[in-house]
Amino acid sequence: MGSRRDQGGAEQCLATIKEKQRYFRDAPFRTNYIAIQQEIDDTRDQTEQIKGLKRKVEEVKRSRASSKEHQNVDREYTILEDVALQKKRCLETLLYVNEVENLLQNVQAEFEDRALYLTERPKVFESMYRQDSVEASSRIHKDCLYALRGSWDWLSQVTKCLEIHMQNAGDYHQFFHDIKFLGEDMKAFLSVLNSQEMRAPVQTREPEVMIRHIRVRKKDGTEAEVPGVVLVIPPPDSKAVSEVYRIKEQLIVLWDSSLQKLRSHLTQFMTNSIKDTPSGELSNISVPQKADLMKLVNESVQLLRPVSTEDDDFKELVSQVTSFRKILSQVKPGDKDSTNGTAKRWQCNGKTLTLYKEFLTFGKGYKELVHATCGKENLIVSEPIGPTFSTKAYFERALPLVDVDVESRETCITSIKAGLIIHEKQRGKRPIAPPRRKRQLRRVMSNTNTPAVMADVPDILEETKPFVISGVLHPKTKQKLSVFQAMSQGILDQANGLYINPETRETMTIPEALRRGLILADYRENLTNGDMNDGGFSPLRNGLETKVYPVAGVIDPRTGEFIGVKEAITNGILDPKTGKYRNIVTGEEVDLLEAVKNGYIVTDPSVLDEPEEEGAFTFVDFEDMSYRVSGVVDPATGDEISLKRAIQDGVIDTVNSVYRNPHTGETISLEEAIKQGLVRGVPLLPSEKAKGDDVLTLKQLQVKRQRFIPGESDTVDGSIGKKRDPNRVMYDHVSKVLDPSDRTVIDPTDQFAITLEEAFEKDIINFAKAEFKIQDDEVLSLEQAAARNFIEPELLKEILEAYKDSSLGELIVSGKFDPDTGLITEPQSGHTLSLQAAIDQKIIDPNMVFLYDVPSQKIISLADAIKNGQYDPITGKYTNPKTGEVLTLAEAENLGFIRSHIDPEQISKTAKTLERLQKVMDTSISSAKSPYGKDALSLEEALKAGVIDLQKGTFLDPRTGETIPLAVAIKEKKLEPAAAASLLNALNNLSLEEALKGKRIDPETGKYVPEDGTSPISIKQAIDKGLINPDNVFLVDKTNDNILSLGELIESGRFDPVKGTLYDPNSGETMTLAEAIERGVIEPGIKLERYIDSTTSLKELIDSNKVNPRSTNFLAPNDHKMSLRDALANGFLAMNSKVKMDPETGCVILASDEEVVKALVDVKENSDWLQGVEKLLAERKKPSERIEKLNQQSEQAQRSINSFKKSEQ
């Protein structure tokens, strides 16, 4: 009876303690000051009651209860005291924080008291309420009103700042409060992991409870599962950053410890699961279930392998797995999946192992991330605007000091107290490995690890091998086709990496076709990308990405043990010729890849876990694997010896691929020796040369996964599949023509000269679009940039040479593109592809094919033409963007919409001419009708489009395509009269006459006279030195009365720039420029009136005040000058007479030599002569009869006649 009372007392005491614990744990924390005070008072009362329980605990200890009950009561009471103390400290912390509430209440009361006091205060300005001071008091009241509003607004801003400071202080305290408790929780968890309970053997139970995840939800509503502890890191603080790094390192230690303990528990769990599995229930499983079970037990051995080989639990697992594999290999599966308890249990085991893999991967990735970021900062960050310096320096705090100005009574910020914290850490030095020492393994081979306890599976080898498709076999005729032929017949699709049977439409990946021999490849490394093949299209340099998964071993179905590849072949399990795995117990035969999937051939689990990439081909292959061996462990002494000596001593048998102990005769396969570390070496890639005394080669079974990487015409640093920026590619093409670091252009931002290389780096010139950027919203073509003096015309000509070689016209000339059909053609075979198919198959890069778009007056790429809707690569048709008319490219070029050929010479000439013209006229004036729409072409557009050729003096009618002389076009008004007049005046300013007037050219010698006063040089030398541009020196060829340039005369051979002489085709004579001008062969100036009718009526001139009848003279056809009044009075002119102004004399002249005016002038002249004769005769006296007097009269008459003749002259 006594023992029962004692037992009842212990149980009652334990129940009371548990109830008190629940009270402290479940009681909620309050958030206001008064409630927290009340809760502290309650906690104190409860603490006093706990002290009263201490006596009951002592009574239980003195009673005759069992020692286990004493321990339970004592432990729970200690926990109760700790919980009460923690609750008290937490409440005290909360109370300390919420005491600020009292301060805020005091501030609130102060606000209310001051508001009430100020409201009830007597009027301040009562003494000033007098009649004569109403205006002054009113102004003071108004100022006081606004000042009070400002004071309350200022206080409102201060309270908002107080809210922000309070929030920052709360965040700061919460962070370090969380860090402290998190660290304590981690320590407690580690102590649990190291407790005796965790070290106890694992009992078989439901596998779902082995690993638990935490499910978290992000702000956007998405959910995810993460293992372990989740830590949210706030913005950096000098102390917080250090704490975060410390917590991260502690978290890594926690995860490592958890993984070790979990691995040990899972090892025991899997061992117990195999033991508890009845072999009879395995006979009902299906083929997929059998394969899954085999893969699961193989993977468990690989995943749960310990670091130390002296792990008894793992050895037990390996033994059980071997037996299980033996039983499983001999099972003949059924057709349906089994639903018995064993099948369900092993499904759960698989889920458990998957969770362990996820935890393992997550912990490994997190550890790498922490080690990569700890002590490492990226200070230079690549931004779109260029390299940018990035730092984590920040202001820890900035406290403004406020003061009141004594004179102005205004509040102002006098200074700011701030602290700067920089969290920059330099990368530590890379640790240096200690020198290698020989392994002193004083053991023999019989003491090494058993073959069952294998080392890790060799690392996965990855290699991308470049190759060129040299031919494709037709799937039916097996005829060898070129790459272009295979594409045109729909057999090869490089874009999607497929080989297609055009009849059956069956497809296979290119790697599979390569393995079957349907596609022939050339793996030579010296093949250059894009190298032409007999003038046709060369295949691109593609890539074959290969992942090699070495096979860890082959399962012997008789014993369930791992055996080597050579032994498996010897025992008839593997057949290299047929590529089959044979279960010699059940007689089953499967492909090697199927054997890998079924778990009979063990390799890296990732080959099965990784999702099959699109276009990838997986297969199993026998291949010679080479290792570069650094040392071999001597089984007798344990010393490390060279491979050559190991072969000589008989340790390595290369014939049978075994590692042998010469003294005992024990052998293991070389693969096993490499896994166990007895042979130290690194695997060589297939592309590496396997030669030398330190290279060991053995036959190995490998799982390969290959993926085709289509080539690009221009790649980054020769890498495969990485297309270069078209702008960079075109810049490299330009760099082959000229040195970009030696040629300069004008920077539009500051008008200073910079190199072409700098202009490219600053993104001023975009070579892929042939554009020159002035501002963010203003872009010029390269031709426009040259016309505006940003680029020298000669430099433009050199740059355009790169575009000439990449023009659409070059493809047309080489026979690779048909402008009538829009098809890409192989010149040798005549096979064709649409342009769209050629682009898709990477035969044509539209970004690197250029043409001249006449409507937009610029060079564009074929890609831009397709993007803008001007060209359809499928139909091969060109569409006028303004009219919508659909044409072939040939028709579009004939009508002047495009130019497939890019002529650097002509474009640079046009740029030079525009540069000169824009200095003397407005080239934006409308000049001729546009064939591309309703708008008229400007003079600049007409020059660029080739409508006007000033050098040759021709005009291309944009409507009819007819070419006529420029002078005829002006007279027939093909050009707008205003534009024609402005152009003729500009050409006159650039004429040969101006050069002669400026004494730059000597007409007698035909030499150029430099401005620096040096000796005259020939025109040829002046041209070579850039002193004169003959294409911009204009004159009139009198042989056809047309305007042309001196450069055209040089090109036609009529002017010799060396001798300075001109050839007259009419007379066949060679003469100087002075003689040519004198004889009327050429006219050095361009006279406006010669080509444009500038006549008007005399009345219009007088009404427009252009002439004054009193002061302006009339110049008759015979150079007879008189005033306009006299001309009108004498009938020489009428008010409707057509006249014009003589620019040289300023006189009015007739528009044409009218016969009536000439007759009137002749009549007046004869009349004046007769009047003079009549006057002369009237002045004579009667002849004298005396001879002397008669002689005198005769002499006097002769003098009068002479005087009359002089006056007539």
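Author: Rings of Phe, Tyr and Trp are said to pair if their centres lie within 6.5 Å, and in this predicted model the structure holds nine aromatic pairs.

Reader: What makes Phe617 and Phe619 an aromatic pair, and why is the pair called stacked?

Author: The ring centres of Phe617 and Phe619 are 5.2 Å apart, and the limit for a pair is 6.5 Å, so the two rings qualify. The angle between their planes is 25°, and because planes under 30 degrees apart count as stacked, that is the word used for this pair. Both residues, Phe617 and Phe619, are also buried.

Reader: Which residues form one aromatic cluster?

Author: Tyr731, Phe760 and Phe767 form one such cluster.

Reader: Why is Cys13 called buried?

Author: Cys13 has a relative accessible area of 4%, and because buried means under 20%, Cys13 falls in that class. The value for Cys1147 is 4% as well, so by that cut-off Cys1147 is buried too.

Reader: How many disulfides does the structure hold?

Author: The structure holds zero disulfides, where the name would require a pair of cysteine sulfur atoms within 2.5 Å.

Reader: How do you know whether Thr43 is buried or exposed, and what does Thr43 touch?

Author: Thr43, which has its place in helix α2 (residues 33–62), has a relative accessibility of 4%, and because the cut-off for buried is under 20%, Thr43 counts as buried. Leaving aside residues up to four places away in sequence, Thr43 touches Phe24, Lys87, Lys88 and Leu91.

Reader: Which residues of α21 and α26 meet?

Author: From α21, the residues include Pro793, Leu796, Leu800 and Lys804, and among those they meet in α26 are Pro904, Ile907, Ser908 and Ala911.

Reader: What can be said of the chain as a whole, in its helices, strands and buried residues?

Author: The chain has 38 helices and 59 strands, and 41% of its 1209 residues count as buried. Of the contacts in the chain with a separation of 6 or more, 64% are accounted for by residues 24 or more positions apart.

Terms used. Residues numbered from 1 in each chain as written. Predicted model: local features only at pLDDT ≥ 70, side-chain atom pairs only at ≥ 80, totals over all residues. Heavy atoms only, no water. Buried < 20%, exposed > 50% of the residue type's maximum accessible area, 1.4 Å probe, protein only. Phe/Tyr/Trp six-rings, centres within 6.5 Å; stacked < 30°, edge-to-face > 60°. Contact = heavy atoms within 4.5 Å. Helix = DSSP H or I, 4+ residues; strand = E, 2+ residues; numbered from the N terminus.
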